[in-house]
Amino acid sequence: MYKSILVPIDTSNETLIKHVIPHIESLSKINDPHIHFLVVIPSYTMFIGFAYGIEQEKFMDDNQRLEQAKLNLKNEVSKFNLPEDRLHFHAVVGMPRDGILNIAERIQADLIVVSSRAPNITTKYLLGSTAASVVRYAKTSVLVVR
């Protein structure tokens, strides 16, 4: 059914990773799809610290940050039972929704699997902002995992 699945991962949130991986393990056994894991990291201009004069030289450049993010992503994914020959890893800089939708289009994803935080009293009927944006603007099916 699915040939290309995109799985955006927030490597800083292990709980969300643990929620989404069992679904990916199950999906990986159906039709042997290519599974594309994605991490989107914010650009430095998104950090409020620049408003307070933090020097950019103190930070890694975007290429170093992307390589580190991709390494962290691979380390997280390696903990699970997935077919290594069908895995692909991507890292981009920018807004999460835009990064997810751009990569989905580039790889011609049949499905995007996003995790969303479990609702609490204040967000009982809402998705997280990234998940909601992906659902709203994606050109393909989206599975939201809680």
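Student: Where is Asn31 found?

Tutor: Asn31 is in the loop between helix 1 and strand 2. Helices (H or I, at least four residues) and strands (E, at least two) are DSSP runs, numbered from the N terminus.

Student: What kind of model is this, and how are residues numbered?

Tutor: It is a predicted model, in which local features need pLDDT of at least 70 and side-chain atom pairs count only at pLDDT 80 or more, while totals for chains, interfaces and linings use all residues. Residues are numbered from 1 along each chain as its sequence is written, and side-chain values use heavy atoms, with hydrogens and water left out.

Student: Back to Asn31. What is its phi?

Tutor: Phi of Asn31 is near 65°, which is positive in a residue other than glycine. Asp32 also has a positive phi, about 50°, and is not a glycine. Asp32 is placed in the loop between helix 1 and strand 2.

Student: Is Asn31 buried or exposed? And Asp32?

Tutor: Asn31 has a relative accessible area of 53%, so it is exposed. Asp32, with 38%, is partly exposed. Buried means under 20% relative accessible area and exposed over 50%, with partly exposed in between (1.4 Å probe, protein chains only).

Student: Now the overall layout. In what order do the elements run?

Tutor: From the N terminus on, they run β-α-β-α-β-α-β-α-β, with four helices and five strands in the chain. Buried residues make up 38% of the 146 residues. Of the contacts with a separation of 6 or more, 76% are between residues 24 or more positions apart.

Student: How do helix 3 and helix 4 pack?

Tutor: Helix 3 (residues 96-107) and helix 4 (residues 129-137) pack at about 40°, with axes 9 Å apart. Axes are lines fitted to C-alpha atoms, for helices over the stretch in contact, and angles run from 0 to 180 degrees between N-to-C directions. The two helices are therefore oblique to each other: under 35 degrees counts as roughly parallel, over 145 as roughly antiparallel, 65 to 115 as roughly perpendicular and the rest as oblique.

Student: Which residues make that contact?

Tutor: Helix 3 contributes Pro96, Arg97, Ile100 and Leu101, and helix 4 contributes Thr130, Ser133, Val134 and Tyr137.

Student: What does Pro96 touch otherwise?

Tutor: Leaving aside neighbours within four places in sequence, Pro96 is in contact with Val40 and Thr130. Pro96 is partly exposed, with a relative accessible area of 29%. The C-alpha atoms of Pro96 and Ile9 are separated by 10.0 Å, at 87 residues apart along the chain.

Student: How many aromatic pairs are there?

Tutor: A search of the whole structure finds one. The rings of Phe37 and Phe89 have centres 5.9 Å apart and planes at 20°, so the pair is stacked. Rings of Phe, Tyr and Trp (its six-membered ring) pair if their centres lie within 6.5 Å; planes under 30 degrees apart count as stacked, over 60 as edge-to-face and the rest as tilted.

Terms used: Contact = heavy atoms within 4.5 Å.
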